[in-house]
Amino acid sequence: MSRKAITLLMILGGLAFMIIGYFSSAPWGAESVRNSNPRFDFAPALFVLGVIIAFSSAVVYELLPTREEDDGAGE
Amino acid sequence: MTTEVDHPSARSDRLPQGVGDLTTPWKAFVLGALVVLGFGVFAYIWELSQGMVVTGMRNVGSMGGASWGLYITMVVYFIGVSFAGMTVAALIRLFNLNDLKPIARFAEVLTVVALLLGALAIIVDLGQPLRGIINLFRYARPQSPFFGTFSLVIAGYLFASLVFLYLSGRRDAAVMARYPSRLQWFHRLWAAGYSHTPEEQARHRRTTFWLALAIIPLLIIAHSTLGFVFGLQVGRPGWYGTLQAPAFVVLAGVSGLGNIIVLAAIVRWAVGAGDRIEMKVFSWLGRFLMILLFVYLYFMTVELLTLLYATPEVEKQLSDALLGGRYAWLYWGSVALLVISAVLLVWQVLQGRWRMSWLVAIGIAVNLAAIGKRYLIVVPSQTHGTLLPYETGSYSPSWVEYSVVLGLFALGALLVGLFFKAFPALPLSEEEVMSDV
């Protein structure tokens with residue numbers, strides 16, 4: 001897989017974690033206070049993990065060793 | 001591939017900018033910081049073992065106190081300081097502000113250290129820190145501004161700042177790794193194979209550009225949510241208001257820029273870098289600080305006029321305490337420091353001449369004022385003008401709180417001091433990168 005593809009995948013994966021983490025922590029539509037806790041334990045941690053994955057993509061983009069196919073991909 | 005960065009002829013015992021050179025003044029500084037830090041740790045252990053009763057904090061209303069005191073004041077202050085560091089670093093990258101490039105690294109370091117101190121200031125405020133940390137990740141509610149503050153500021157913003165600092169330092173780490181020294185392993189680890197090829201340079205430019213672009217909105221959101229922690233509380237006179245979030249961001253910029261000016265002057269003196277950190281750098285920072293100061297003074301005036309015009313009774317109690325009562329010395333003292341700083345900056349702009357000593361004094365003054373203003377945001381609304389029929393309360397920090405806060409400052413100074421003994425405070429010049437050692 002190319003450098004750009006891995007980076008993009010990490011950014012999208014991070015965003016997905018953030019969205020899932022956010023909506024699992026904030027149970028929109030819950031009608032009772034009893035249901036106001038996150039839908040599962042440590043859902044907010046998922047959001048934080050998403051942020052970390054998304055920003056880690058920058059490190060991966062710079063540090064990943066160059067391969068021949070990357071050179072041809074307009075790096 | 002052998003390039004200029006890993007030049008085989010590189011040999012020297014002395015690293016640039018005094019890195020690794022443990023001078024007597026530096027050792028004395030470290031010793032002093034360790035003593036203060038040690039006392040802060042002792043005070044914190046005392047607080048942990050005896051409970052929060054050893055602090056000056058008490059319940060609001062029923063115990064006539066304030067449950068957020070000096071620690072929360074310092075949380076807001078430290079996170080505010082972090083704002084300007086990364087903002088300046090990101091703006092330098094986005095707009096290619098070459099004049100300011102020499103200060104980019106310590107602006108980034110200031111952000112990281114200030115965020116760590118902010119996180120620690122939250123932890124010392126908790127009677128059960130472990131429970132607080134676990135429950136935050138377990139039960140935090142995104143509808144609450146605390147979620148934004150903790151998840152975006154502590155996790156996102158701190159991590160993004162570390163990534164930015166790490167990536168922007170790789171080139172210099174690769175240069176430093178050429179020098180045989182005790183720190184060579186550290187510099188090699190940081191460089192992670194960087195060899196300054198045109199492809200790597202282009203990739204680095206792209207990464208830092210997008211990182212800077214992503215970090216700036218994150219900064220604004222993070223600092224606004226910190227303002228919302230206070231600004232959204234309808235039941236607390238003095239806190240509820242639209243201006244809290246933008247005023248938090250602006251005062252954050254003021255205190256952070258003040259810190260950068262002081263740090264720049266110290267680095268300039270310590271490294272002997274008068275030719276690298278020229279007066280035009282201070283002129284930039286001074287002008288930037290002046291603009292933010294005027295914006296903040298405008299916000300403050302608008303807030304004051306709103307508070308004084310047809311004030312509800314509880315708000316009046318608060319404004320009386322601020323303007324002529326218990327907190328008046330702190331309020332007017334902070335205002336005076338901000339106004340004098342603004343006047344001195346305007347004077348230097350009009351004269352077209354910048355004085356280092358004045359700028360350092362202004363940097364310190366605006367930070368003292370910022371701590372005062374943060375204290376005035378946090379504490380008086382809890383002790384005065386509660387909506388329930390309680391007597392007026394009071395709050396005075398105890399020796400434990402003062403010691404812990406001083407310990408945090410010492411830890412910050414120590415981290416900055418240690419970092420710049422292991423890594424150059426200023427980005428190496430292109431000549432240094434290309435030259436033989």
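I began with B:Leu406 in this predicted model, and I found B:Leu406 partly exposed, because 15 other C-beta atoms lie within 10 Å of its own, a count that falls between the 12 or fewer of an exposed residue and the 20 or more of a buried one. I then looked up its place in the fold and noted that B:Leu406 belongs to helix H14 of chain B, which runs over residues 399-422. Setting aside neighbours within four places in sequence, I have B:Leu406 in contact with B:Val36 and B:Gly40. For a separation in sequence and in space I took B:Arg206, which is 200 residues from B:Leu406 along the chain and 40 Å from it, C-alpha to C-alpha.

Next I turned to the cores. I recorded 133 residues in the largest nonpolar core, where B:Ala121, B:Val254 and B:Ile260 have the most contacts inside it. Helix H2 of chain B (residues 70-95) supplies the largest share of this core, with 17 residues. Apart from it I noted another core, of five residues, which includes B:Leu318, B:Ala321, B:Leu322 and B:Tyr327. I also followed B:Val254, which, not counting residues up to four places away in sequence, touches B:Leu289, B:Leu292, B:Leu293, B:Tyr296, B:Val366 and B:Ala370.

Last I looked at the interface, where 22 residues of chain B are in contact with 21 residues of chain A.

Note on methods
Residues are numbered from 1 along each chain as its sequence is written. Chains are lettered from A and ligands numbered from 1 in the order in which they are written. This is a predicted model: local features need pLDDT of at least 70, side-chain atom pairs count only at pLDDT 80 or more; totals for chains, interfaces and linings use all residues. A nonpolar core is a set of buried Ala, Val, Leu, Ile, Met, Phe, Trp, Tyr and Cys residues joined through C-beta atoms within 7 Å. Helices (H or I, at least four residues) and strands (E, at least two) are DSSP runs, numbered from the N terminus. Two residues are in contact if their C-beta atoms, placed from the backbone, lie within 7 Å.
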